[in-house]
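Subject: Structure handover

Hi,

Here is the structure we talked about. My notes follow below it.

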Amino acid sequence: MNVFIKPALCLAALMVLPLAAPQVSHAQFAFGGDAPIKIDADKIEYEGAVTILTGQVEVIQEGTRILSDRMELRREQLANGRLGDVTRIDATGSFYYIAPDQKIRGQKGVYIKASDTIIVTGNVIIGDDTGNVGTTERFVYNLISREAVLEGTCKGRACTSGRPSIIINQNSNDSNPG
């Protein structure tokens, strides 16, 4: 049975959605703010503390878009039966994060509130508007420490694929690689 979510629930759940693409030369995640959030999906289901969006999911706030085939929003279950903050977001299948100056693509994007971490996996490509590009199998970003890690499935120079790779545009205005 399809139960449509109240618009306020969608907005409250997604206001904390920090899935974004980093700039390879200066990692930064941003999604949120006070602008309205538009959510489109072929189907939206509410199952207690889990909201499930399926079928060409698109979440837009200002110039930022998140696309996936399926997205699950998990919220904290409060003692009084009400729902609290979003604790985890799983976006799977053809995951894209598109902002005016940043893009990231992978098969899955996960936000975990408890560790303030975003993890993107599966043929990940990270890019920014200055031409910096990173590729990897697993990208981990801590929102508090701002540490980014690109991890691959193969180690050593003998690997022909599966190693993280970055291309830094020397003409970039931001010469700080951190």
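In which sense do strand 1 and strand 3 pair, and over how many bridges? Strand 1 (residues 37–40) pairs with strand 3 in the antiparallel sense, over four bridges. V59 in strand 3 is the bridge partner of I39.

Some ground rules. This is a predicted model, with pLDDT of at least 70 needed for local features and 80 or more for side-chain atom pairs, while totals for chains, interfaces and linings use all residues. Residues are numbered from 1 along each chain as its sequence is written, and side-chain values use heavy atoms, leaving out hydrogens and water. Strands are DSSP runs (E, at least two residues), numbered from the N terminus. Two strands pair if DSSP finds at least two bridges between them.

Strand 3 covers residues 50–61.

T51 in strand 3 partners Y46.

Strand 4 (residues 64–77) pairs antiparallel with strand 3 over ten bridges. There, R65 stands opposite I60. This is a hairpin too, with two residues between the strands, and E62 in the turn has a positive phi of about 50°.

Please also check two other residues. S94, in strand 5 (residues 83–99), has a positive phi near 50° without being a glycine. D116 is not a glycine either, and its phi is positive at about 50°. D116 lies in the loop between strand 6 (102–112) and strand 7 (117–128).

Best wishes

Technical notes:
Buried means under 20% relative accessible area, exposed over 50%, partly exposed in between (1.4 Å probe, protein chains only).
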